[in-house]
Amino acid sequence: MTDADMELLLSQYQLGHIIDLRDEIEAESAPDPEMEGVIYHHLNVWPRAVRMRNIAESTVSQWLDSALYVKNYYAAFALEPAAIAAYREMVGALLGNAEGSVLVHCVHGKDRTGVAAALIL
């Protein structure tokens with residue numbers, strides 16, 4: 001994020017919260033910039049330990065069947081305790097934000113953030 005991006009988010013959009021849905025390694029490797037007056041929430045929707053467990057429990061046929069893989073992948077966002085807790089906290093932050101905007105992101109903005117957007121809508 002450039003200085004110009006941060007200035008825009010703060011002045012034009014009155015950014016109040018950043019909700020970061022990345023795992024611990026992703027967040028540490030490219031941390032969000034600190035911005036005065038912005039509350040940062042690191043909500044690890046898909047912890048690496050959960051991913052590794054799901055991979056270990058998967059069968060070869062599940063990996064080869066892309067439709068089944070995607071179904072199981074997205075089901076984890078609804079069933080895994082870490083995801084439930086993270087999305088619950090995200091909704092709480094949104095409901096508690098009386099003024100300003102909220103920036104929600106992960107790494108690519110399609111899976112974790114896509115589920116977040118669906119929950120918000």
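Predicted model: local features only at pLDDT ≥ 70, side-chain atom pairs only at ≥ 80, totals over all residues.

Reader: In what order do the elements of the chain run from the N terminus on?

Author: The secondary structure comes to seven helices and three strands. Read from the N terminus, the order of these elements is α-β-α-β-α-α-α-α-β-α.

Reader: What share of the contacts between residues at least 6 apart in sequence joins residues at least 24 apart?

Author: The chain has 121 residues, of which 36% count as buried. Along the principal axes, its C-alpha atoms fill a box of roughly 50 × 30 × 20 Å. Among contacts between residues at least 6 apart in sequence, the share that joins residues at least 24 apart is 61%.

Reader: Which elements are included in what covers the buried residues of H7?

Author: Helix H7 spans residues 112-120, and Arg112, Thr113, Val115 and Ala116 are buried in it. Seen down the axis, these buried residues fall within an arc of 160°, so they line one face of the helix. Their cover includes helix H2 (24-29), helix H3 (48-57), helix H5 (66-79), helix H6 (81-95) and strand E3 (101-105).

Reader: Is threonine 113 buried or exposed, and what is its relative accessible area?

Author: Threonine 113 is found in helix H7. Not counting residues up to four places away in sequence, threonine 113 touches Leu21, Val104, His105 and Cys106. Because buried means under 20% relative accessible area, threonine 113 is classed as buried, and its value is 14%.

Reader: Against which helices do the buried residues of H5 pack?

Author: The buried residues of H5 are Tyr73, Ala76 and Phe77. They cover an arc of only 105° around the axis, which puts them on the same side of H5. The helices against which they pack are H3, H6 and H7.

Reader: Which residues does tyrosine 74 touch, not counting residues up to four places away in sequence?

Author: Tyrosine 74 is found in helix H5, and at 33% relative accessibility it counts as partly exposed. Between tyrosine 74 and glycine 114 there are 40 residues in sequence, yet their C-alpha atoms are 10 Å apart in space. With residues up to four places away in sequence not counted, tyrosine 74 touches Lys110, Asp111 and Val115.

Reader: Which exposed residues does H3 carry on the face turned away from its buried side?

Author: In H3, the buried residues are Val50, Arg51 and Asn54. They cover an arc of only 100° around the axis, which puts them on the same side of H3. What covers them includes H2, H5 and H7. The face turned away from this buried side carries the exposed residues Ala49 and Ala56.

Reader: With which residues is arginine 48 in contact, leaving aside its neighbours within four places in sequence?

Author: Arginine 48 lies in helix H3 and, at 30% relative accessibility, counts as partly exposed. Arginine 48 and glutamate 24 are 24 residues apart in sequence and 8.1 Å apart in space, C-alpha to C-alpha. Leaving aside neighbours within four places in sequence, the contacts of arginine 48 are Asp23, Glu24, Ile25 and Glu26.

Reader: What is the phi of glutamine 14?

Author: Glutamine 14 sits in the loop between helix H1 (3-11) and strand E1 (15-20). Its relative accessible area of 44% makes it partly exposed. Most residues other than glycine have a negative phi. Although glutamine 14 is not a glycine, its phi is positive, at about 45°.

Conventions:
Residues numbered from 1 in each chain as written. Heavy atoms only, no water. Helix = DSSP H or I, 4+ residues; strand = E, 2+ residues; numbered from the N terminus. Buried < 20%, exposed > 50% of the residue type's maximum accessible area, 1.4 Å probe, protein only. Contact = heavy atoms within 4.5 Å. Arc of directions from axis to C-beta.
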